[in-house]
Amino acid sequence: MDRVSFHVGRGEIVGLLGPNGAGKTTTINMILGVLAPDAGAIRIDGVDLAAHRSRALECTNFAAVYAPLPGNLTVYQNLRIFGGIYDVPDLAARIAATLEEFDLARFRNVRCGALSSGEQTRVSLAKALLNNPRLLLLDEPTASLDPAAARDIRAGIRAVTTRDGRGVLWTSHNMYEAEAVCDRVLFLSHGKILLDGHPKALLREHGMATLEDLFIAVAREPLTLEGRDS
């Protein structure tokens, strides 16, 4: 990573976009404390991750299509275990409310491995929101979903973000999705942030018709785009 610096505001969904190998998952792993940055600082809700790791990580949570919950455990068992890890107060009531919010109550005692991919995604998001994180990290959350399920997930995340004032960092290769859901997007290439702004503003600034066109330009000609901003 090369001097990557950005913020995610409360009530804001920020898209982290870039080709494979750009550094998106590496960035998320650093925010989660899995990897340590060589320099600089990571602050979550004002708490320095290096100095106060546990307190900082209490403020965040994570969901990704490639990180499913244990399939041999029921939906309730998974939420109970992860809620305990985060020391969620009044956990039984919180689980019940979250199951209702994500339309999962009927799957309460079903093993996660028996659920469809869309249902498993909803369970992962329910897990990620159990502790009411100030920062929610979503790495390709809708990658394996059909269009209708993906639209429902996007609408649900937008609703809880607006309602609860949490920040969301969302990686995706679906440019339609990014344009539809994100308040701001960051284009990452070779470990550097080349562009940062509202999707429509970036399209106007760079004379592109779609976010997909801009994505391809960033992937193919990062130095050209970097030069335009200097």
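1. In this predicted model, helices H3 and H5 run roughly parallel to each other, because their axes cross at roughly 25° and angles under 35 degrees are counted as roughly parallel. Helix H3 comprises residues 75–85, and its axis comes within 9 Å of that of H5. The crossing of H3 past H5 is right-handed.

2. The residues that bring H3 and H5 together are as follows. From H3, the contact involves Val-75, Leu-79 and Phe-82; from H5, Val-123, Ala-126 and Lys-127 take part. Sorted by class, this contact has five nonpolar residues and one charged residue, with no polar residues.

3. The axes of H5 and H6 come within 12 Å and cross at roughly 10°, which makes H5 roughly parallel to H6. Here too the handedness can be stated: H5 passes H6 in a right-handed crossing.

4. On the H5 side, Thr-121, Arg-122, Leu-125 and Leu-129 make the contact with H6, whose own contributors are Ile-153, Ile-157 and Val-160. By class, five of the residues in the contact of H5 with H6 are nonpolar, one is polar and one is charged.

5. The second largest pocket should be read together with this helix pair. Helix H5 (117–129) and helix H6 (147–164) each give at least two residues to its lining, and H6 gives the most, with eight. The space in the second largest pocket is about 230 Å³.

6. Which residues lie nearest the centre of the second largest pocket? They are Gly-118, Arg-122, Ala-149, Asp-152 and Ile-153, out of a lining of 19 residues. The lining of the second largest pocket divides into eight nonpolar, five polar and six charged residues.

7. The largest pocket has a volume of about 800 Å³. Its lining numbers 30 residues, and those nearest the centre are Phe-6, Ile-31, Ala-41, Ile-42 and Arg-43. The elements that give two or more residues to this lining are helix H1 (24–31), strand E2 (43–44) and strand E6 (167–171).

8. Helix H1 gives the most to the lining of the largest pocket, with four residues. By class, the lining of the largest pocket has 15 nonpolar, seven polar and eight charged residues.

Definitions and conventions:
Residues are numbered from 1 along each chain as its sequence is written. This is a predicted model: local features need pLDDT of at least 70, side-chain atom pairs count only at pLDDT 80 or more; totals for chains, interfaces and linings use all residues. Side-chain values use heavy atoms; hydrogens and water are left out. On a 1 Å grid over the protein atoms alone, a cavity is a set of points where a 1.4 Å probe fits but cannot get out, and a pocket is an open set with protein on both sides within 12 Å along at least five of seven lines; lining residues have an atom within 4 Å of a point. Grid points are joined across faces, edges and corners, and a volume is the space filled by probe spheres set on the points. Ala, Val, Leu, Ile, Met, Phe, Trp, Tyr, Cys and Pro count as nonpolar, Asp, Glu, Lys and Arg as charged, and the others, Gly among them, as polar. Axes are lines fitted to C-alpha atoms, for helices over the stretch in contact, and angles run from 0 to 180 degrees between N-to-C directions. Angles under 35 degrees count as roughly parallel, over 145 as roughly antiparallel, 65 to 115 as roughly perpendicular and the rest as oblique. A crossing is left-handed if the near helix is turned anticlockwise from the far one by less than a right angle, and right-handed if clockwise. Contact means heavy atoms within 4.5 Å.
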